[in-house]
Amino acid sequence: MKTRIPDTPEPPVMPPRHWRTLDERVETPEARRAAHDEFLPGAVDIADLPAPSELSRRGFLGILGGAAALAATVACDRTAQGTIVPYTRRPLEVIPGVANYYASATSEGRRVYSLLVKTREGRPIHITGNDEHPGFKGKTSLRVVADILRLYDPERLRGPKADGRPAAWPEVDRRLVAALADAKTAGKPVLLLTGAVASPTRRALLADLKAALPTLEHLAWEPAIGDGALEGARAVFGTDVVAVPRLEHAKVILALASDFLNGEDPEAMAAFASQRRLSQPGQPMNRLWVLEGALSLTGSNADERIPLRPTQLAAVAFALAKDLHTRHGLALPAGVDLSAVPGGVPPGVDLPGETWSRLLADLASAGSGAVVLCGSSLSGEAHQATHLLNAMLGSRAQELRPADALATLPELTAAVQGMAAGRYAAAILWEVNPAYAFPAAQAWKEALAKVPCRAWIGLAEDETAAQCSLLLPEHHWLEAWNDYEDGSLAVLQQPTIGALYDTRQGEDTLLALLRGLGAAAPGDYHTYLKARWQRTVYPSGSPVPFERYFEVALHDGLVQDGQAPAAPAFKGAGLTDAARQAFAATADGMELFLHPGFATLDGRHAGNGWLQETPDPVTKMTWDNPLLLSVADAQRLHLRDGDEVELALAGTTLRLPVVLQPGQAAGVVSLALGYGRSTGEVATGKGVNAFPLVAAGSPAPFLRSGFRLQATGESRTLSRTQAHHRLDGRDIVRTFSLAEYAQEAKAFTKDAEPVSLYPDQRFPNHKWGMVIDLSACVGCAGCSVSCQSENNIAVVGPEQVAKGREMHWIRLDTYYEGPVDNPTVVHQPMLCQQCDDAPCENVCPVNATNHSPEGLNQMVYNRCVGTRYCANNCPYKVRRFNFLDFMSDKTEPESLVYNPEVTVRPRGVMEKCTFCVQRIEDGKIRAMGEGRPLRDGEITPACVAACPAEAIVFGDLKDPHSQVSRLAASNRGFKVLEELGVKPAITYLADLKNPAFEGGRDAK
Amino acid sequence: MGTLNRREILGRLTALVAGPLLLSRKALGLALQTGRSAPPEASPGVQPPRRPTLAPPSHSVPRRG
């Protein structure tokens, strides 16, 4: 490390090697100032803060005395008096102060998540993955972690409604049963529209309902899963298929606009990262190729990334298959004829011949260790070509599982036409929101209005509920029973809290309908579920009684249930036509790439403040879905960040801001779905609804061209954090290719600690520290959401984020290196470094921040008077100030999500990461109670526990055998801003890239 | 006293009058309020409770903390 000497004159301004914004890249004066300043100019703008008083000291004391007298008088008032109820009838399983954990599960689309839910005094407060699950190993998706907020959503419907007025369950049941019975008698169809059915017991219940009501037509629809994925699988396998990556077997991964590292699939992320944690040069490392138009999180982790137009990817995939066959001798599956496909780089595709050859050689040499993954936004032809490539490679790095059929947009459109024609007697809409997410939402609304009986089952009234006469509020999944299939595992979902309101599980509604239609059905879904498990899952002849077996299954959350279903057979008869269409599908002009929102998915999470405020891992936008475009296109169109444009396509016109995104392919603009909701206080008005731009009936509904893009001349302030908290120093991130790593490792010597005038800190028992492996970290922000849940971190809203007042204790800094059209990217989690010679501690005038005997830089909130000196002195910019009262005005049910072990901070108080001191103390007390020393890895701060890539390791640096001590001595290790001599407790391990061409792209 | 200007004297007088007046109004209001026997927290209407009731789940099997 170079030592920074303060007295030396300022060196000439040199553009940094790693940059975060376009301003930083050329080192504008504004960018330099941002590096020096602790806060953004807007953060300390006092316009929205209480004005400084002009009172004299005497006047102030006078008012203080008066206020005290008034307060004392008002305190005698009994108006706001509550009742304190002693816990005389404590539920058996609740011990005050001790957390209970429930194994449970949920699903999102076709994905199943096995979970562990932490409850305190009967309240679920935190979600992690189930540690008993062999794939998840305690990890889960950040959207699932954040979904606990929906349980306590104050806008949840608290009881059934009929015709807009509160009603009782018997009334809504009677009306719905009567409508279904009439339909059955008249032989008229009843439409049941749901999300994907991932539960075998729900599937069995739907079959029972179909038997009792033969005119029932069930459609399962997932707006975020493109028709291309569905139709591609059907064309190749003759059935719906889910491709599950098994990346622990992958040496070479080719992602065609597939964002498999976006946080949804913790198994894939863990397996990917497990092949990138090198401790010595020469160890094997996977290689990730990404071909895509819009920079995705996966693309940002690529070893070789090639920006291409999305419509070209299907032709590229077929050409790869052709060349793998002709140049590398890979056999084509029986019945596949690619003679009409031209070999080599397809015409119009900007891909150097040498890169093409290297990609082919990589795939061919890896053979079954190679896998091709295709994004759900791509066309059916691209998906067919992907299945073909994997079949040719004999890939072991993916598992094909048969799946329940999902409705495509043409199938849903046919149902809408049926409704418009008066075909349906009733419609039941369960956990779907077509009035928002169906591309022709107006047509949907007009058609639904013609259905005589319209029932809605859901959590909070949405755009679809507004049109329904019967509203049947359902339990949140944390209050409900269910089960799921996950390969060879049967996963159980059990309630973790009794129902908060007068709601009912959706399946219980179906059981009520069954009984109303005269079929035999148990009184509740729990009984139905248990009966099915006893019949089909419980091993016959088991010596364990079923009740005990089921209890153990509930405790663990899952059981092994036979073998995984067999993969469907490959049928390639239609591939010739698909290849021809792939080469014909080239779009003129600019292309629009629509994709599910990172935070919102298809809009179902748009009301979740935690997710909305989590910066998008690539753009760092919060609360909005701007139009992303390349720097070259922006220059051509004279657009800057925040400029507003009008996007017009097929009768839909959207006004939205633009963001210039490094790495975006020229000629490609992209837009996230799931924003622009019109119901819900949090979701309304955040971004624009892009679903009207989806092309129903097209083989690639999420890829559009032929639109008009025009600047409106107006500009908006973006709630974007990419330029916030710039660090001032050198070598903030380090990244090596494998060849560079070999050289660095050979020359590696552990840096000597900088000399300090302060006496060394002493740590009698423990010295907590952390190691963050930048090579394993994919930048998904799962750590940030988990931290928010664990530490009661406030949501501040888009206006405050724009001023730089976001409150996250751990942020993901994204650095670019290289050309703006295709830079390499490094993600760096940045949190309090718990410095031993912390510059924040010695400036606090009230000793609110000080050093613990275990190396923690700790905050005493009730001492803090809010001078912000500490933040001013923190070189890492990780201290967060409560400029306004973000939390303490919250009431139940919102406040029920708070972790009782973490103080809720009021206005005027500084806060920051504590290494989850409450978990450290809990671990120590537990070990002391059991009379044993702490075990390495026993204490996991929330970020460590949540990281799917296992990039963060926490432990005791005083223990030389601990994992964190061993990793901290790694030859990739460095400390950020070590030259300042603050002795941070966090060691970062340099990012590694495995490029196909050593020496970087210049070597091609 | 001689250094005080007219505005400060008025401010003090206002405080002297307004403080006791407000305090005594509040005290009288508390002393003479009607229906003191009724529990003050009783809801006047039939609105559903805004605070949800927490109940443990039925039939679930927790893992002990």
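Tutor: In this predicted model, α13(A) passes α20(A) in a left-handed crossing (the near helix is turned anticlockwise from the far one by less than a right angle; clockwise would be right-handed). Residues are numbered from 1 along each chain as written, and chains are lettered from A and ligands numbered from 1 in written order. Local features need pLDDT of at least 70 and side-chain atom pairs 80 or more, while totals for chains, interfaces and linings use all residues.

Helix α13(A) covers residues 380-393 and α20(A) residues 575-584; helices are DSSP runs of H or I, at least four residues, numbered from the N terminus. The two pack at about 125°, with axes 9 Å apart (lines fitted to C-alpha atoms over the stretch in contact, angles from 0 to 180 degrees between N-to-C directions).

From α13(A), the contact uses A:Glu381, A:Gln384, A:Ala385 and A:Leu388; from α20(A), it uses A:Leu575, A:Ala578, A:Gln581 and A:Ala582 (C-beta atoms, placed from the backbone, within 7 Å).

Of the 14 residues of α13(A), 13 are buried, with 20 or more other C-beta atoms within 10 Å of their own. Just after α13(A), A:Gly394 takes a positive phi of about 65°.

Conventions
Expected span 1.5 Å × (residues − 1). Buried ≥ 20, exposed ≤ 12 C-beta atoms within 10 Å, placed from the backbone. Contact = placed C-beta atoms within 7 Å.
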